[in-house]
Amino acid sequence: MNSHDSSNEVTYKEVNDTVLRMLEPPGAGWYVLLCACLACVGIGAASWTHQIMNGMGDAGKSHPIMWGAYITNFVFWVGIAHSGTLISAVLYLFRAHFRMSIYRLAEAMTVFAVLTAGLFPLIHLGRPWFFYWLMPYPNQRTLWPNFRSPLLWDVFAVSTYLTISATFFIVGLIPDIAAARDRAKTTFRKVLYTLTSLGWTGSNRNWKHYTAAYLFFAAFATPLVVSVHSVVSWDFAMSIVPGWHATIFPPYFVAGAIFSGVAMVITLAIPLRKAFGLERLITADNFDAMSKLILATSGIVSYAYATEFYMAWYSNNTFERYQFWFRPFGEMKVAFWGMVFCNCVAPQILWIKSMRTNIGVLFVLSLIINVGMWLERFNIILQSLARDYIPSAWGAYNFSWIDVGITIGAFGWFGMYMTLFIKFFPAVAITEIKEILPVPARQAGHGGH
Amino acid sequence: MSEKDSELVTIGKSASNGISRRKFLQILGASSAAGVAGCARDQAQKVFPFVRGEEDQIPGVSVWYRSTCRECSAGCGIQVRTREGRAVKIEGNPEHPVNHGGLCGLGQAALQALYDPDRVRQPLAREGGSNLEPQFKPISWDEAYARVAAALKANNKKVLITGEETGALDELAQSFSKAFGAEKISFDALQPVALAKASEQVYGSYGIPRYDFEKAQVIVNFGADFLETFVSPCEYARGWAKSRKSGNPAKFIHVEPRLSLTGANADLWLNAKPGSEASVAWALVKFLLEAGRGNSLRDEVRQSLSSLLRDVSIDAAAEESGISADKILRAGHELKSADASLVLAGGTAAATANPMSLQVATATLNLILGNVGKTVLVGSMRKPQTSLARFSTAIASMKKGEVGLVMMHGANPQFNLPAELGFQYALAQVRAGDPKGKPGLIVSFSSSLDESAMLADIILPSHHSLESWGDSRPYAGVHGLVQPVMTPVFDTRAFGDMLIKLAAMAGQSSVAGGAEDFLGYLKASWKKVHAASGSSADFQRFWLESVERGGYFVAEEGDSSKLSTSTDAYKPVKAMAKVGSGFGDQDLVLYPYASVKTFDGRAANRPWLQELPDPITSYVWDAWAEMHPATAAQRGIAEGDVVQVRNKNGELSLAVHISDYVHRDVVAVPLGQGHQAYGRFAKTVGYGNASAMLNLSANAEAIAYVGAAVDVVRGRGRSSLVKTQGSDSQHGREIARTAFVQAGAAHGEEHGAGHAGHHEPKQMYVQREHPIYEWGLAVDLSACTGCGACVVACYAENNIAVVGKEICSQGREMSWLRIDRYFEGPAEELQVSFQPMMCQHCHNAPCEPVCPVFATYHNEEGLNAMAYNRCVGTRYCSNNCTYKVRRFNFFEVDVPEPVSWQFNPDVTKRSMGVMEKCTFCLQRINEAKDHAKDEGRIVRDGEVQPACVQGCPTQALVFGNMKDPESKVSRWAESHRAYKILDHHINTQPAVSYLERVKHKL
Amino acid sequence: MRGSKAVTGVFKYIDDTTKAVKRVQAENLEYKVYSPVPNHEIEELTVPGKSPVRFVTGTGAVTGLVFGFALAILCSLDYPMRVSAKDVVSVPGFVVIGYECTILLGGIFTLLGLLHFCRIPDIFRKPGYDPRFSDDRFGVVVGCEPQQVDRVKAALSEAGAEEVSVDEGL
Amino acid sequence: MRNSRFSVLSIRFVIVLSALVSWMSPLASSAQPAVDENPLSTSAISGPYKDLPVNQGVWNGGQAALWDLNIIDFYKYFGPQQRARGFKPEQPIKFNHIIHVQKNGMECQYCHWSVAKSSYAAIPEVDACMGCHKFVLGSNDQYKAEIAKIAEYAQKGEPIPWVKVHVMPQHVNFNHKRHVKAGVGCQECHGVVPNMAQVERVSSMKMGWCIDCHRERGTSIDCYTCHR
């Protein structure tokens, strides 16, 4: 949207028209999508219920591999969440214009992905009904949680992340909801938008404080991008399991999170753009920029993989060496090579410029990367646990239908929020796009931003 | 003391109250609990007081009773812990001369036979159903007695089959049989009768000598699994371990067709063709005679031996057995140069069709080497009464329809006898009746519904040995007493009481010599012991002291005095020296082996033992066929394939385990699985009974376990054998370490303080101070045989859930203590390491800081504490546990009544979703501290013994306060052999020290 | 905004809007400017200086930092438990808690500050507000007394308003 | 813009704060002093037991406050009654401590003899009851009827199915012996039982309540002291 080509300039009105058209009553396709998501949520809920009634043994955990599909999903979804904040906050601070058209989508993805990720620590608890014991609240037992545990850091990091990203998301939405309010036709929508826009008018005073506050939010969210996934990575790095205990984990996880998150944004943006005709708002240039980001993070991730192997070799540590022999050549080598293909090999196609703007290729590639990043977490978690210090205790994971059901449920849960969101709230930022358009003026020289 | 007596008598007498009495007992914590974190499902709880107070029964305080283990004929002393009238734990009696406090897994699991949910709960009579699947209906005791008494009065042949009994019960059974003209047959499948007979031929008296493993410098063993099931494993293991723990352990050479636990503990394990051991033994005889040993033999013996052995040579033996001649020579040289050595043969490997050759050869070797009187004690021998020849004769007469009454107790011949013998058919003939058509009666006094009891017409359930009086006299000088430790669980009677009652009803009241019940009879019998003891105390006092001690034990008498007579008897004859396998050119031979898991099948209904991983294969809840890779490859069979192992007598359908440690010519199967009756746990395991397929050799004194030719055919499908061991190899990680004794250099002092072998790493944090106690454990790997007794003890003490095969297959077994077993090296130079692995209670525990809710933390006494009810189940601790000793409750496990009565009320039962692990038997520490506090002192060294430490037959573990430099554990930990697992890698600072295994390189 | 009447001028262009604002400022009347996007020119013209939200944010952040460390340290001391060999008060681990609380409370305070200074939520209709202001038009709403209405209307029209209307103020 | 000068924010703060305060305040009800409704009681008796303190514990007398998310702690509202302070079940025999302890001067440990010997405080054996009640048959019809019940149980050889008043979860290992030997009076936990015609749970006996006393007296608060 950074072109100022006057003849084909997008106008303020067109932005409002295009975006608010998305909120018109949904067609059958939308209902099918929503029902599919709800069905998936149902599968997940049924699986979880079964697991709660019957025991954690329903999932595929075994003695050495006490964390499995759930923590894999947790890290995956937290990772997905990250690029949302990256695009909305970090790129905001860097004034990257290509962010504007996709940031709302990315941010919604963040919030919903954190909501999804947040479920997994609960699901994976042996006694989920005592989850609140992780909260530091005064209780009759006079017990407190262990602030030295990486899991408690996780509790703080993820809940902070959810709060801040949700706030950031909602604050960003307010002016756009006001725009939707001003055009709402049905009473339901009028009431909905009137309430959710909190009476926003876009007055000079509103904007003044808004821009200031928004900057602070962005400033707070930016370190969160780094810290949350670092803290998640410490769940592993703080332990002593060979394959987990590595100082490279925080940057490696953050890069991986951005990598997977950008891929997920592409996965979501492409169908959305197609379905609502947003080609003029989400342009090929945007995809090109995101592709470059993918290429860069893929490089970082690949480098991190290589570093892990190098460190295992260089440390001359028996246990590390065995672990990193096991990954490519052990029982679960398929997951390893799948990860290498998806995360290191496949993205290299983006060196070709035409591929970066080829929507079909990008869509397939983004799915491949999503799979690859899921496998990466799978490798880190399961493979490391399968072969640690004492050979007599080595073991295997028993993948179960409950694992699969809950994973499906997670996608359904995420999809459900996404589907509802795009029909009820502006999924593309109206104000922000307008901000990068030239301000209507009689005389030139009135820059818009 | 007198109160105690009256109390005991009350218990004994109150048998008639049966099951109702237990209801009077208070229901305390464990039995009434709804589950750990008290989900809101508990209804109003009731509290039942005792009706009558008993002086030594304080609710919440355990009462210990001493008794004798009757699970096998070894006669180990036990002490049973009872709480609120229920037996909750069995331990070895430290004062007993046989086992000195240790107890094997089978003995500890006797509780599960006591509380077997499938026990016979009242008298049953057969009513309808087919011969194979009979229906039983409950009848009254009066009716049952009346029917048996009527049959006793009838004038025809009668047979009384009992297990291997010694002492008063045997006397009573003899007297009973005599009175009714019944043939009394003792039967115990694992009794080494051939060994006893060989002793008679060589040493001059029938019986199994006692072996002193401690004194032997060289042990050459042909198949005797003396660390597992052979005669008296606890006794032998203890002696063997004493030698191992010393700086200069015995050199141990073991010859057998399949690696057994005993073989795995050998310095040199030789894989011999089954049945060829005799030629090796005779070759050794010749070698030693030629080398100038055996000068003590009479000249004529030497001459006849050398003429007999003219054709024997080491090369020929090597060729026949498949063992290289060097190794045989090596064994010969070791024997030759040793002052004291020990040669023995036994186990199923030695139970061939012609077992005498091997047994005579080993006895001759002992004679030549001068071991008799030194390591082979013939003065106090066990005298097995089992005789297959007599049993065969009785069966023959049963088949003819001559027998009108068959009574069985304490034996399961239907399961243990070869099918060819036709025991089932014989019983059918008894039931069909004599030629006149009068039907006979088959009576079982079994307490469980085993295969033999299923064939009975009437079952009069007898007490478990923990519910009845009795005694055991395994060998001269040991008089063990059996006393009831609790009121009977079900409506059963003591076997002795039943015999006395039946005799009286059948008009032979003189059988018991005037005693009204078996306790009276026992006391009468013990009056003789009293008289022989020369004790100055009166009988009552002597009796009470014996009850308290668990028996009356005479100091061991000298054996050498009796040696002189023995050599005179020895007349080597050709038949003895007959060598050769005798199997001809058969392709594959069935090799069933007894193991600590099942023995001959009697242990199959004990979930603890079924869940105990097999010490060699580490399979649980299963039977399998072990085959050599070459043999399997020949037949196109791969690991895990289901095969049919069959011959004309039967068929086994088993999964194949391919192992380098089994001879090419055998297919080895564990003995004792494949029950068709004997309770729900036994019935789930294995497909087919290996005993039934065995050959019948004419007039054999014992079952020939080796020699049955079988075909192995690949069956359909694959079966999942469930293995608890991850990797069989240590991958060079030095986890279980072995040191080899340097030739010529004695290896230092035992557990001495001294060499600072390990350096202390620098610590980042200030290490915690432990003000009074710092509990620590040390394990001497030299003494650990890998038998798993500690594992069973741990299950029993800590209410550990038995989860079954399927959950085990998911890697979710719950054992807090496991035995890690590693194989290193090729089969010819095999080194096996066993390593008990429990929570290491690390001072820098990786599991602790990762718990978000402090469910696990470090306490002042150096314990890695685990508060179950605080656990939310993140399982992070288990991931971070370097030793992988934490167990997670993946499911809630239901325990059927009355198995649940065994639960230790002092230990919390863990619920679903909670992590658990070894606590160093915290409840015992607390109990000891409680006592100490009462007395205003701190806990003394040795006062606390966790279940594993207490139960270890070889005393390979010690526990104590590391703060006390004089404590045994501190001294062990200071030993130059001591090390801590992985400590030099990850600085976990475990509280458990291991002492390297010391072995010889042979 | 004082005044019983609210005069609204709808502008298409930003430069017209600024011109109108300057006029109204010269009249010393109370006014409000509505715009579809934030605009620096208008903000600098109308609300000069920095937004006070930053003080709220700063207060929140500092409070969060103190709260986070205090929580972790005091809770650890209240029921001291040793884990591994780590100290009861392990500051390196608590940094994470302090850090996260800084951001959490900083963010929450910023939100409260934003709501406070923007005077939202306030869902009542604003006099003079026009739905086009969220679309593509700028608006200047001037509060005045009835006698001033004509003058204000003229001023707005002169500045280039497409449309001028009068509404009840207050 | 009627209220543009007036910040509604302050009102909002007040509402939120007061909601928080009311939610967090320990509202769980405090047990009423035991009202003696038992017809068997001889209410006028006062003894040396009257002034002994009953430990109230921390955090609302050791009970969970409403803001304690522990659902199980809400026994008062949802959960099992027998975990509640004030649990006062009907017993199979209307045993009256007032008569036995105050009137007849019996010591606690006369009947509950195992407290100083065992972790477990035993309910006296039926035989122990009969030791006296063979001779003491009751002074009025009500008493006679109750005593006759004991005799009946004793004759049948059946235990009396008392309802447990102080139910502890299974994972708690309370050791009576250690507490008695350390000089903790029975009344400190069980309340003034000598004043109770019908035994009532006066302490919550929840963890915080235990810990409070342990902290006060400087005894161990190690988890393994009570949990194992």
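## Basis and chain D

Helices, of at least four residues, and strands, of at least two, are DSSP runs numbered from the N terminus. The model is predicted. On this basis, chain D has 10 helices and one strand, and its elements follow the order α-α-α-α-α-α-β-α-α-α-α from the N terminus on. Of the 228 residues in chain D, 32% are buried. Among the contacts in this chain with a separation of 6 or more, 74% are between residues 24 or more positions apart.

One helix pair of chain D is described here in detail. Helix H5 (residues 126–133) and helix H6 (residues 141–156) of chain D have axes that come within 10 Å and cross at roughly 130°; the two helices are therefore oblique to each other. The crossing of H5(D) past H6(D) is left-handed. On the side of H5(D), D:Val126, D:Asp127, D:Cys129, D:Met130 and D:His133 take part, and they meet D:Ile147, D:Ile150, D:Ala151, D:Tyr153 and D:Ala154 of H6(D).

## The sheet of chain C

Four strands of chain C form an open sheet in the order E2-E3-E1-E4, with antiparallel pairing. Strand E2 (30–34) and strand E4 (163–168) each have a single partner strand, so one side of each is left without a neighbour in the sheet. Direction ignored, neighbouring strands of this sheet are turned by 20° against each other on average.

Within the sheet, strand E1 (residues 5–11) and strand E3 (residues 138–144) of chain C are joined by seven bridges in the antiparallel sense, and C:Lys5 is placed opposite C:Cys144 in E3(C). Helix H5 (residues 149–159) of chain C lies across E1, E3 and E4 of that chain and runs at about 10° to E1(C).

## Strand E39 of chain B

Strand E39 (residues 992–995) of chain B is covered on both faces: B:Val992 and B:Tyr994 are buried on one side, and B:Ser993 and B:Leu995 are buried on the other. Strand E30 (residues 775–780) of chain B runs parallel to E39(B) and is joined to it by four bridges. Strand E38 (residues 978–979) of chain B runs antiparallel to E39(B), with two bridges between them.

## Nonpolar cores and an exposed loop residue

In soluble globular proteins, nonpolar side chains tend to be buried together. The largest nonpolar core here contains 501 residues, and those with the most contacts inside it are A:Val265, B:Val406, B:Val443 and B:Val667. Beyond its neighbours within four places in sequence, B:Val443 is in contact with B:Val148, B:Leu405, B:Val406, B:Met407, B:Ala456, B:Asp457, B:Ile458 and B:Leu460. A second, separate core has 27 residues, including C:Val10, C:Tyr34, C:Ile42 and C:Ala161.

B:Lys438 is located in the loop between helix H18 (423–432) and strand E16 (441–444) of chain B. Is B:Lys438 buried or exposed? A residue counts as exposed if 12 or fewer other C-beta atoms lie within 10 Å of its own; B:Lys438 has 11 and is therefore exposed. Its C-alpha atom is separated by 9.8 Å from that of B:Gly401, 37 residues apart along the chain.

## The contact between chains A and C

The contact takes 57 residues from chain A and 58 residues from chain C. On the chain A side, the elements that give two or more residues are helices H1 (12–21), H5 (150–183), H6 (187–196), H7 (204–237) and H15 (430–436). Of these, H7(A) gives the most, with 17 residues.

Terms used: Residues are numbered from 1 along each chain as its sequence is written. Chains are lettered from A and ligands numbered from 1 in the order in which they are written. This is a predicted model: local features need pLDDT of at least 70, side-chain atom pairs count only at pLDDT 80 or more; totals for chains, interfaces and linings use all residues. A residue is buried if 20 or more other C-beta atoms lie within 10 Å of its own, exposed if 12 or fewer, and partly exposed in between; C-beta atoms are placed from the backbone. Two strands pair if DSSP finds at least two bridges between them. A nonpolar core is a set of buried Ala, Val, Leu, Ile, Met, Phe, Trp, Tyr and Cys residues joined through C-beta atoms within 7 Å. Two residues are in contact if their C-beta atoms, placed from the backbone, lie within 7 Å. Axes are lines fitted to C-alpha atoms, for helices over the stretch in contact, and angles run from 0 to 180 degrees between N-to-C directions. Angles under 35 degrees count as roughly parallel, over 145 as roughly antiparallel, 65 to 115 as roughly perpendicular and the rest as oblique. A crossing is left-handed if the near helix is turned anticlockwise from the far one by less than a right angle, and right-handed if clockwise.
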